[in-house]
Amino acid sequence: METVRSYLISLVAVCMLAVLASVLVHGSPIRKFVRLIGGILVLLVAVSPLLSVDTEKLSERLKEICEANSFDTNAVAENRYSVLSEHIKQTTETYIENKAAELGAAIQAEVTLTNDEYPVPNKVRIIGTLTAEQISSLAAYLTDSLGIAPEHQEWKLYGTSE
């Protein structure tokens, strides 16, 4: 703290000296020269602490800080993947259930995703009560719109509503 205090005092003192010198030669032809010398002195005092910096210690300290604050990029990637997968799963299930509701059926959809870099729905289990026409329409929708093959569509029906 003492070092910072002495640095600020010397910087303020040089600034005051430069302003005083500029005021004393106000109308003189050497005014520009005095202002230039005053500016150079202020600049030298301002950057003088940088000349005494131990770059090796600074580098080691920065490395310590980076290591202390580092995070596991694999954990971040895994978390991103799990959040993305869960979002896709929930959105797809809701989408299928809403489509069934449009067809007049109340169902529960359980979607299974691939383990690819970008998870994609590849299996679905439909639980509910549907008519043959609703099953046909929803199965075609699952195949055409979501790309879920008929062999990956499992139907658990509790009777048919007719």
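Three strands make an open sheet with mixed pairing, in the order S1-S2-S3. Strands are DSSP runs of E, at least two residues, and helices are runs of H or I, at least four, numbered from the N terminus. This is a predicted model: local features need pLDDT of at least 70, side-chain atom pairs count only at pLDDT 80 or more, and totals for chains, interfaces and linings use all residues. Residues are numbered from 1 along each chain as its sequence is written, and side-chain values use heavy atoms, without hydrogens and water.

User: How many bridges join strand S2 to S3?
Analyst: S2 covers residues 121-129 and runs parallel to S3. Ile127 stands opposite Lys156 in S3. The number of bridges joining S2 to S3 is five.

User: Is Glu93 buried or exposed?
Analyst: Glu93 sits in helix H4 (residues 73-102). Buried means under 20% relative accessible area, exposed over 50%, partly exposed in between (1.4 Å probe, protein chains only). Glu93 has 13% relative accessibility, so Glu93 counts as buried.

User: Which residues does Glu93 touch, not counting residues up to four places away in sequence?
Analyst: Contact means heavy atoms within 4.5 Å. Residues up to four places away in sequence are left out. Glu93 then touches Ala109, Glu110 and Val111.

Key
Two strands pair if DSSP finds at least two bridges between them.
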